[in-house]
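Work through the exercises below with the structure open beside you. Try each task before reading its solution.

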Amino acid sequence: MTSVSEGFPRGTSRQGGLRPGGGTRPMQWSQLFCPGTLAVLPADSWLYPAAGVSAMIAKLAKTCTLRISPQKLNFILSDKVASGGVSMWCELEQENFFREFQMEGVSAENNAIYLELMSENLSRALKTAQNARALKIKLTNKHFPCLTVSIELLSVSSSSRIVTHDIPVKVIPRKLWKDLQEPTVPVSDVSIYLPVLRTMKSIVEKMKNISNHLIIEANLSGELNLKIETELVCVTTHFKDLGNPPSASEDASRDRDPEQMAEVHIDIRKLLQFLAGQQVNPTKAVCNIVSNKIVHFDLLHEDVSLQYFIPAFS
Amino acid sequence: MKCLVTGGNVKVLGKAVHSLSRIGDELYLEPLEDGLSLRTVNSSRSAYACFLFAPLFFQQYQAAAPGQEALRCKILMKSFLAVFRSLATVERSVEKCCISLGGRSSRLVVQLHCKYGVRKTHNLSFQDCESLQAVFDPALCSNVLRAPARVLGEAVLPFPPALAEVTLGIGCGRRVILRSYQEEEEADSTVKAMVTEMSIGQEDFQQLQAQEGVAITFCLKEFRGLLSFAESANLSLSVYFDAPGRPAIFAVSDSLLDGHFVLATLSESDLHSPALCSPELRRLAPPLQAHSTPHLDDFANDDIDSYMIAMETTADSEGSRAVPSISLFPGLRPPCSPGPYSEDNEAEAGTQPETPPPKKFRSLFFGSILAPAHSPPGPSPVLAEDSEGEG
């Protein structure tokens, strides 16, 4: 792979990443090298989770935030709409994906880079990499700050083909970082494993035609219900025998009646948006309900963890 | 005119119509001695496309009834495309396609003979028209590259479907580079577009004759029209080009047909962009006007009944924004099918006419320029020129 021998500047200054305001500043390079392989990468290859996540995010929101830190890569969606925003927190451990990973943040205490970009761009760039022999991601400044994704494609002929995507990014200043931190997982009343997401999606899709107001409820006996109620009709779908993960708080779960449902009223469109993006069934999928407050979905796709929060109707 | 297409060729014909529909809204159908030609031009006159199907492509081909002049016509692309709308259905169920013009009907009749005895007849209204022909000679272009359509198809895959323009050039190390072209945005534009670049080694090309650093920018959407045809027919696609600003010629051919798409390219204004080793191209003044460029000599040519569409070269008041020109002269055919006028062609092919006096052209255009011997028979008066002249 030709990119390995390429030199690149490391930590040319104490300043990390890019400072907002543009202009010519010393650039920090963060280079992420991905393992090379001479085989055609199938859909469930190492790259798929990252490409799949970015494709899913592209369906959820136009822009997303990418947080780069020494151990992790995070995709963050933060909706600041006052009436009840939805937010998503997605995490990848960089060592599971990249052969080489170097970055340097603003300072030792604030060792992270926050970038805002168009999710569609990243999704398209990673989609090209489905048949990649090698992939390299760099922070560059080509007239404007960019995340440059360079992909060496597999080619039947002797010469290689190289695709380069320059994704314009906006560097998020440190003062805004506080709004982009990992949301605290709420103490839930009920924690339950989700049914097959595709099934759930087709049901929710049909329900959306009847009402925008969905009630999601579950108990500690492995039962989950999706309900919509209108003047003319009530429709409920019952899922049984789903199983409940072992509770974090033993006391709370022992006190709770296993049959008692915890429910949240949510906007069905937000749930559908989330389900529509799930192409593949995750390794693990848990739903945590805080009565009348919030629904928290906790998914694990291979080595990518995904958390999605839907607040109750206010 | 009467021709019969059978078997897999029906789908090929349908695919060609789909390609042409990416360019223009009107289809010019002209049966010639060396085959049936389907041509179109776009509304801004910056793209011209032509498919010529040789007589052997058809099970039966009769350009004109014996003793009669060949009829030619212009139909709405939408109407003709509707016949071949679903290529999957065409492939699955159509056994024969018969196209006829003239005779009893004052319509262009397209009859599809399908499985189970089903017959679909389309009667399309048409307008008589002059011959739409372009003058271009790939042999005069200094740069050419040729590759299997599959290679070029893979090359454009990373680009977003909505991307309007792309720059094709030769980069360092004889690599062929395709890069998304963005118009210059306002300085304060907060939403910058993603730039995608694809670099292919020369080994993937069957022919590459071009200098390093040369590059042209053209409309990707229009190019995709020919590319998808070439991919489905598994043909090689050749690109002939010159300096930026001169039209680029994209061609496919096999023993039964050939296709040419002639697209305008952006003219350059400054030279930098080290990565591509090529000029950075700036926005072209849109759209090209439909004024035509008369070379008065041409009216003395034999086939005066053909009219001209020319894409002009104008010097924009701001300076060097030259619009590329394709001059269409009467009676001249593309060199791929040398006809009796080929000797005349060589002198005029590829000439860049000067800015025409529009009024003068119009007055010539609207008048009767038909030599009586060549006037097409037919009940409908020739009305096409008016709308063409207004552009």
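**Exercise 1: the fold of chain A**

Among contacts (heavy atoms within 4.5 Å) in chain A between residues at least 6 apart in sequence, 64% join residues at least 24 apart. This is a predicted model, in which local features need pLDDT of at least 70, side-chain atom pairs count only at pLDDT 80 or more, and totals for chains, interfaces and linings use all residues. Residues are numbered from 1 along each chain as its sequence is written, chains are lettered from A and ligands numbered from 1 in the order in which they are written, and side-chain values use heavy atoms, with hydrogens and water left out.

Task: find how many helices and strands chain A has.

Solution. Take helices (H or I, at least four residues) and strands (E, at least two) as DSSP runs, numbered from the N terminus. Chain A has 5 helices and 17 strands. Next, check burial. Of its 314 residues, 50% count as buried. Buried means under 20% relative accessible area, exposed over 50%, and partly exposed in between (1.4 Å probe, protein chains only).

**Exercise 2: the interface**

Task: describe the contact between chain A and chain B.

Solution. Start with the residues: chain A gives 18 and chain B gives 17. Then take the area. About 1,600 Å² is buried between the chains, and carbon and sulfur atoms give 54% of that. Buried area is the accessible area (1.4 Å probe) that two parts lose on being put together, summed over both.

Now look for charges. The interface holds 2 salt bridges, each a side-chain nitrogen of Lys or Arg within 4 Å of a carboxyl oxygen of Asp or Glu. One of the two-chain links joins Arg161(A) to Glu154(B), with the closest N and O atoms 2.7 Å apart.

Next, name the elements. On the side of chain A that touches chain B, α2 (119-128) and β9 (161-171) of chain A each supply at least two residues. β9(A) gives the most, with 8 residues.

**Exercise 3: strands across the interface**

Task: which strand of chain B pairs with β9(A), and in what sense?

Solution. Two strands pair if DSSP finds at least two bridges between them. The partner is β14 (residues 195-200) of chain B, antiparallel over 6 bridges. Val195(B) in β14(B) stands opposite Asp166(A).

**Exercise 4: a positive phi**

Task: where is Asp241(A) found, and is Asp241(A) buried or exposed?

Solution. Phi of Asp241(A) is near 55°, a positive value in a residue other than glycine. Asp241(A) lies in the loop between β13 (234-239) and α4 (250-255) of chain A. Its relative accessible area is 75%, so Asp241(A) is exposed.
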